[in-house]
Amino acid sequence: MKKLINSAESLTADALAGMAAAHPDLRIDPRTHVISRADAPVPGKVGVVSGGGAGHEPLHGGYVGRGMLDAAVVGEVFTSPTPDRILAALRAADSGRGVLQIVKNYTGDTLNFAMAAELAEDLGIAVRTVVVDDDAATGTPDGTPGRSAGRRGTGATVFVERVCGALAEQGADLTAVADAGARVNAATRSIAIALTACTVPAVGRAGFELPDDRIEFGVGIHGEPGLRTEPLRPASEIVQDALAVLLDQLPPGDDDRTIVMVNGLGATPLLELYVVLNEASAVLRKAGLTVAHTLVGNYVTALDMAGVSLTVCRADERTLGLWNTPVNTPALRWGC
Amino acid sequence: MDSELTRAWLLNAALLIEREKDRLTQLDLAIGDGDHGVNMQRGFSAVAAGLAEPPPAGTTAGQLLVTAGTTLVSTVGGASGPLFGGAFRALGKTLDTAAEPDDTRLLADGLNAARDSIQRMGAAQPGDKTMYDVYGPAAEAFGHALCDGAGPRAAARAAAEAADEGVRATEPMQARRGRASYLGLRSVGHQDPGAASAALIFQALATAMEAQ
């Protein structure tokens, strides 16, 4: 294992200290690993909080700022934060109008966030939860969750955080913000392909073996193996197959406009991500969809995994309007 | 179940998990993300640190177990923290509140409460390839042994054996809960890491009983 770390144990704390140095406009608590806006809680605004294991940067801390999250809480690598720390994030974000927590659908995250919500309710903080579950690799062809653990939460998290953050910034109430999050999640699907496995620092070796001429189809964002391994082929063919699975599960909508994210999983050159976007645009056009906005880059990573995830969000007028409002975070910034 | 035995149990469990950390990680690498051993070790070493000194006089077994459970919830992370921590908390609360006068019978009730806590939080069913496939048979074996006239030691040994059998039984199962479930059929042929940790906890209980 080759990593720029001091030790696996100190990795998250060291990185958060660096993040604090890079972003003096964020408040970072070294004890709870909560990253919050310096002006949180923002008076009169519904709080928007997310969190999860480390290793997905810039998710979630990179999305703290005006127009997105009020606070994010980071666990150990690929491990949900604990309820007491999530509670610290909820408290940091609550101005009295309640807090929406955005949770990726994994057993650990949903359990810990549910416990934290109970603790917060005990303190008189109103909490609503949106569980993000967009990964088409873990759904069935008709779009319903295929196994009892349900679809994993992946790329759609960025979309839900952006739209909920935008709506909260406009002064919407907790129910409206939660409903918007659920709506965006329901209209979004993702699929991911890995070229290499990633290495969890505390483990010290790659999560699975993949020969040079094979890819892993349908991976998640925790370095676990995917649905199957396949031969490596030209990007056009891989993207076509990936989007076939994704579009099969994308719920129908009245609007043909979409927001598309081509996301590097941590060790993929931007050059290749643009190749993927080019192929994806062609496939989506053929499917009768319009690409209204794109994100190309590293937004939801899996440590040093090479590979790509594709996320397609059916976006109506409301969603597009919120998407375009100003946002000012370390990893997503426009209009300000 | 007194506080001295409880302390011995938890310290035994911490030792076993420390010793088996790499094997747990190995199991998790096959069907999860490979951090189970590290997370459990972090949690149980925090529990052990809290028990370095014998507890103050008057501390009940139930209080020790609830504290250990709370420590696990706030140190393990992932799903294992709430699930294992919640199980210890449920056990501890039962020991402290139930009206059962027979101490061993009370422990049986407590183990059932731990099992139910896992089932409720994880929404797991038997055969889902989870820690419930160990807690279920182990709690049952403990209760059956008592009904057959066994003492606490023999009952704890029977529970540990049922737990080991439960881990082995997870190998041919297809995971339907937790991260391993995303692998579908590829999860078959591997023992469940959470179940393996659960078996160590029952192993530690039997050893603590026998050393008394």
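This report covers a helix pair and some backbone details in a predicted model.

## A helix pair in chain B

Two packed helices are described by the angle between their axes and the distance between the axes. Take helix α1 (residues 3–31) of chain B and helix α8 (residues 193–211) of chain B. They pack at an angle of about 155°, and their axes are 8 Å apart. Angles over 145 degrees count as roughly antiparallel, so α1(B) is roughly antiparallel to α8(B). The crossing of α1(B) past α8(B) is right-handed.

What kinds of residues form the contact of α1(B) with α8(B)? There are 17 nonpolar, four polar and three charged residues.

## Cis peptide bonds in chain A

A40(A) and P41(A) are joined by a cis peptide bond, with omega about -5°. P41(A) lies in the loop between β2 (34–37) and β3 (47–54) of chain A.

Another cis peptide bond links L59(A) to H60(A). Here omega is about -10°. H60(A) sits in the loop between β3 and β4 (71–77) of chain A.

## Positive phi angles

H33(A) is not a glycine, yet its phi is positive, at about 60°. This residue is in the loop between β1 (26–29) and β2 of chain A. Is H33(A) buried or exposed? Its relative accessible area is 8%. Buried means under 20%, so H33(A) is buried.

In chain B, K129(B) also is a residue other than glycine with a positive phi, near 70°. K129(B) belongs to the loop between α5 (103–122) and α6 (132–147) of chain B. K129(B) counts as buried because its relative accessibility is 1%.

Technical notes:
Residues are numbered from 1 along each chain as its sequence is written. Chains are lettered from A and ligands numbered from 1 in the order in which they are written. This is a predicted model: local features need pLDDT of at least 70, side-chain atom pairs count only at pLDDT 80 or more; totals for chains, interfaces and linings use all residues. Side-chain values use heavy atoms; hydrogens and water are left out. Axes are lines fitted to C-alpha atoms, for helices over the stretch in contact, and angles run from 0 to 180 degrees between N-to-C directions. Helices (H or I, at least four residues) and strands (E, at least two) are DSSP runs, numbered from the N terminus. Angles under 35 degrees count as roughly parallel, over 145 as roughly antiparallel, 65 to 115 as roughly perpendicular and the rest as oblique. A crossing is left-handed if the near helix is turned anticlockwise from the far one by less than a right angle, and right-handed if clockwise. Ala, Val, Leu, Ile, Met, Phe, Trp, Tyr, Cys and Pro count as nonpolar, Asp, Glu, Lys and Arg as charged, and the others, Gly among them, as polar. Buried means under 20% relative accessible area, exposed over 50%, partly exposed in between (1.4 Å probe, protein chains only).
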